Amino acid sequence: MTARHRIAVIAGDGIGQEVVPAAVRCLDAVAERHDIAFDWHHLDWGSDHYRAHGRMMPVDGLDILAGHDAIFLGAVGVPDIPDVHTLWGLLIPIRRAFAQYINLRPVRTLPGVPSPVFSRDPIDLVIVRENNEGEYSEVGGRVYQGSADEIAIQESVFTRRGVERVARYAAALAAGRRGHLTSATKSNGIVHTMPFWDEVVRDVLADFPDVTARQELVDALAASLVLHPERYDVIVASNLFGDILSDLAGAVAGSIGCAPSANLNPPGEHPSMFEPVHGSAPDIAGQGIANPIGQIWSGAMMLDALGHAAAAAQLITAFEAALASGTRTRDIGGTATTAEVAAAVVAHLGPS
Ligand code: NAI
Ligand code: MG
């Protein structure tokens, strides 16, 4: 029997409009080979919607999304509208309303994709980023705006429940992989929230005797990720640290254009959201040269989360084969267009 999934698609801004159609094409092709049918519900939300209506999505946008099995997002953000309207008008409300508290960001060496940094051994790590609280909070404000006495205050929010669930998720993930967990901290400089983070992570680890855990100060960890990325297995990090480390690790593995992510609601009470790590890349938007691998890989993560592990694996094998055969975009040393990469991925899926 065909498995049907209703997916909300928000291509959004900039290269989102290019990489999302490329990935949808690949997902339809792999779905056909596994008796899966996607009902794509395309939503024209984003900065054009903001310019026309003063909002990134309709007032009932979250209610509309709630009726879907998953959300497939490109990116939002344009140079002429402050990110506080675009990201906080769409991306962040979705992550929070649907309790997508795990942001899973795998980073791997891909065939044919050179790392700009020397590494003898392949990289195979996963960053588990806390996705609902931490440093990204709207608690705070500005006083005496525009004057010489102006003050800006921004509070971080760390809850025991929030830290515990991300630590537990990351430790369980590490237990099923190579058994190493690195916790990104900064308890030498941030003296309230980070020691709290360390304590809660340590408490959780008591339940995972087979996981070898280390905590590393995030500045040293950043340097170490450049020099020895192959040493890492699972990294658990707060919202801000995880955000920064995942762009860094993605670039070390070849390009941020290849980096995927899943915003997960682990209990499955709400839809999860799948999107590449990168943003709308206004510097290359409209040229048809954006790397679609991050978006396609995010699609594979969506297949996996929807219970189609075999289809997910086939899609990953196909894009690895396409990359290995030399079909690569400019950011990873090739000349192919976004559409040519998608076509090569479909070709490497083999006969339907
Ligand atoms: P960005 O990730 O859009 O671009 C950074 C650099 O990487 C640029 O040079 C870009 O050309 C390159 N790049 C990114 N994705 C690529 C791809 N698929 N193929 C080839 N090259 C790629 O980050 P930036 O420039 O800091 O942000 C641009 C806008 O996107 C901002 O408004 C930002 O707030 C927003 N943003 C949105 C995100 C989201 O929707 N989830 C995430 C990150 C940024
Ligand atoms: Mg980011």
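A281 lies in the loop between β12 (272-276) and α9 (293-305), where helices (DSSP H or I, at least four residues) and strands (E, at least two) are numbered from the N terminus. The phi of A281 is near 40°, a positive value in a residue other than glycine. A281 counts as buried because 22 other C-beta atoms lie within 10 Å. The term buried requires 20 or more other C-beta atoms within 10 Å of the residue's own, exposed means 12 or fewer, and partly exposed covers the range in between, with C-beta atoms placed from the backbone.

The model is predicted: local features need pLDDT of at least 70 and side-chain atom pairs count only at pLDDT 80 or more, while totals for chains, interfaces and linings use all residues. Residues are numbered from 1 along each chain as its sequence is written, and chains are lettered from A and ligands numbered from 1 in the order in which they are written.

A99 is placed in the loop between α4 and β4. A99 counts as partly exposed because it has 18 C-beta neighbours inside 10 Å. Most residues other than glycine have a negative phi.

The protein chain as a whole contains 11 helices and 12 strands. Its C-alpha atoms fill a box of roughly 60 × 50 × 40 Å along the principal axes. The radius of gyration is 20 Å, which agrees with the value near 20 Å for a compact globule of 352 residues; it is taken over C-alpha atoms, and the globule rule is 2.2 Å times the number of residues to the power 0.38. Of the 352 residues, 50% are buried. Among contacts between residues at least 6 apart in sequence, 75% join residues at least 24 apart, a contact being a pair of C-beta atoms, placed from the backbone, within 7 Å.

The UniProt record, an unreviewed entry, annotates residues 6-345 as "domain: Isopropylmalate dehydrogenase-like". Such annotations may be inferred rather than shown by experiment, and their positions are given in the numbering used here. Over residues 6-345 the chain is 40% helix and 20% strand, with the end C-alpha atoms 23 Å apart.

Within the chain, helix α8 (residues 239-252) has 14 residues and reaches 20 Å from its first C-alpha to its last, close to the 20 Å expected, that is, 1.5 Å times one less than its number of residues. In α8, 10 of the 14 residues are buried, among them F241, L245 and V252. The buried residues of α8 pack against β4 (102-108), β5 (124-130), β8 (180-185), α7 (218-227) and β10 (234-237). After α8 comes G254, whose phi is positive, near 150°.

The loop between β4 and β5 holds I123. I123 counts as buried because it has 21 C-beta neighbours inside 10 Å. Apart from neighbours within four places in sequence, I123 contacts V107, R108, T109, P229, E230, V252 and A253. The C-alpha atoms of I123 and D233 are separated by 8.8 Å, though the two residues are 110 apart along the chain.

Ligand 1 is surrounded by 23 residues, the closest being G77, G257, H278, G279 and N291; a residue is near a molecule if its C-beta atom, placed from the backbone, lies within 6 Å of it. Helix α4 (residues 83-97) supplies the largest share of this shell, three residues. The shell divides into 11 nonpolar, eight polar and four charged residues. Here Ala, Val, Leu, Ile, Met, Phe, Trp, Tyr, Cys and Pro count as nonpolar, Asp, Glu, Lys and Arg as charged, and the others, Gly among them, as polar.

Technical notes:
Contact = placed C-beta atoms within 7 Å.
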